[in-house]
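Let's take a walk through a protein fold together, one piece at a time. Have the sequence and the 3D view ready, and follow along.

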Amino acid sequence: MQKWIPRMGMLLLTLIATGCSPDKDQIPEGKTDPVENLTPTSETVSESAWEGDWIFLSDTILGTLHITDNDETEFNYKMSGSQPTTENASPVSLTYEGTGKIVGNTAQATCEPIADCKMTIEMNGSMLKLTISNEITDGSELKLSGEYKKSTSIGQAPMFQMKNDQFQIYGILQGDNPSEVKSTLGNPESEGPDELMHTGWNQQYPAKELVVTYYDDWVETISITTTKDALESEIAEHFEGERYRNKDGTEYLLVPKNESLLFYRPNEDDPTKINVLVTVADENFYYNLELGEISKVE
C-alpha cells in the first residue's frame, strides 16, 4: 500500500506546500459523496465512435491520439507523445501517423513511415487499448502503447467533495497517480518542475484555475483559485469536520483521522477570489495551534 512520507521543514502557510496523503483504501466515516465512474462496455460500436481525440493514460508521458474517419471502415490517425524532463533539455517526443481498418470493436493500423511497425487497437466503450509492435523508442522510455480514453467522455466533477475522509477537488485526491488525474481531467495544458519545491512536478489546468503538484508520481498538493462563496457553499453541503482560523484570516478544514488539511485565504492579486490548498497538517500547523496563532472555530 502506497503511503506518503511527509517532507519536513517546509512552511505550511504558503500556497505551494508539501505533505502526505492518507491511505487510499481507508473506509470512510461520516459524510462521503458518491462519485460516478464511467464503466467501459463490450458492446459493438459504430465506426463513427472511433473518431475524435483520445487521451493517453500514462503516468510519465503526455500523449494524444487523433482519429479521423476516412470512410465506413477506414480511418486516418495521428498519435503523438512527449516525455518532459526536469533538466534544461527539450522533452523527448515521438509521432506516429498512418491509416487503419476497422472491424467491429477492433482496428489494425500501419505506423508510417516506419517499416515493420503495426498497431492493434481494441475499443471498450470510452476506452482504447492500443498495442504497437516493433515500437520505436529512440533509446528512451517513450512508448505509446497502452490505454487511451476518449476526451469527450471526461465529465465535469464538482469543485469540492469528500471521499474516504479526503478532500476531493474536481474529482482528484492526494495520492492519485498522474494517469488517474488524466482520466478525470484530461491532459494538462502545461507542466514543469515546481519552482519552489524543486523535487516536485506541477501540472496546470488553467480553465479550472487548478495546479496539481506531484512528488514521486503521486499527487502531493492540489491548489485552486475560486470565490469564497463558491467554496463555502460546497463546504456547508459536504464537510462536517473540524474548522480552524488563523489570526491573519486564513481558514482551515482538518480531518484529524488522516491529518488531511485544506486552507484558503484571499488572493493578493484579486481580492474577489481566494487561493485554496489541499495538503497535510504538518508540524507548522500544530506549532501555530499551540502558540495560539491558530484557534479552533466552535
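Start with E1 and E2, which form a hairpin with 5 residues between them. Names like these come from DSSP runs, numbered from the N terminus: helices (H or I) have at least four residues, and strands (E) at least two. A quick note before going on: this is a predicted model, where local features need pLDDT of at least 70 and side-chain atom pairs count only at pLDDT 80 or more, while totals for chains, interfaces and linings use all residues. Residues are numbered from 1 along each chain as its sequence is written, and side-chain values use heavy atoms, with hydrogens and water left out.

E1 covers residues 52-56, and 4 bridges join E1 to E2 (residues 62-69), with the two running antiparallel. Two strands count as paired if DSSP finds at least two bridges between them. Within this pairing, Ile55 stands opposite Thr64 in E2. E1 also pairs with strand E8 (residues 146-150), again antiparallel, through 3 bridges. There, Phe56 has Tyr148 in E8 as its bridge partner.

Now zoom out. The 8 strands close into a barrel in the order E1-E2-E3-E4-E5-E6-E7-E8, with antiparallel pairing. From one strand to the next, the twist averages 30 degrees; such angles run from 0 to 180 degrees between N-to-C directions, with axes fitted as lines to C-alpha atoms (for helices, over the stretch in contact).

How buried is E1? 4 of its 5 residues are buried, so E1 is largely enclosed by the rest of the structure. Buried means under 20% relative accessible area, exposed means over 50%, and partly exposed is in between (1.4 Å probe, protein chains only).

Look again at Phe56 and Tyr148. Their rings form a stacked aromatic pair, 4.7 Å centre to centre with 15 degrees between the planes. Because Phe56 lies in strand E1 and Tyr148 in strand E8, the pair ties together parts that are 92 residues apart in sequence. For the cut-offs, rings of Phe, Tyr and Trp (its six-membered ring) pair if their centres lie within 6.5 Å; planes under 30 degrees apart are stacked, over 60 edge-to-face, and the rest tilted. Phe56 counts as buried at 3% relative accessibility, and Tyr148 does too, at 0%.

Next comes helix H1 (residues 178-185), where 6 of the 8 residues are buried, so H1 is largely enclosed as well. What covers those buried residues? The cover includes E1, E2, E8, E12, E13 and strand E14 (218-226).

E12, E13 and E14 belong to an open sheet of 9 strands, ordered E11-E12-E13-E14-E18-E17-E16-E15-E19 with antiparallel pairing. Its edge strands are E11 (190-193) and E19 (294-296), each pairing on one side only. Helix H3 (residues 283-291) packs on the sheet and touches E15, E16, E17 and E19; contact here means heavy atoms within 4.5 Å.

Finally, the inside. The largest nonpolar core has 27 residues, and Phe160, Phe167 and Ile169 are among those with the most contacts inside it. Such a core is a set of buried Ala, Val, Leu, Ile, Met, Phe, Trp, Tyr and Cys residues joined through side-chain atoms within 4.5 Å. A second, separate core of 25 residues includes Ile67, Met79, Ile132 and Leu142.
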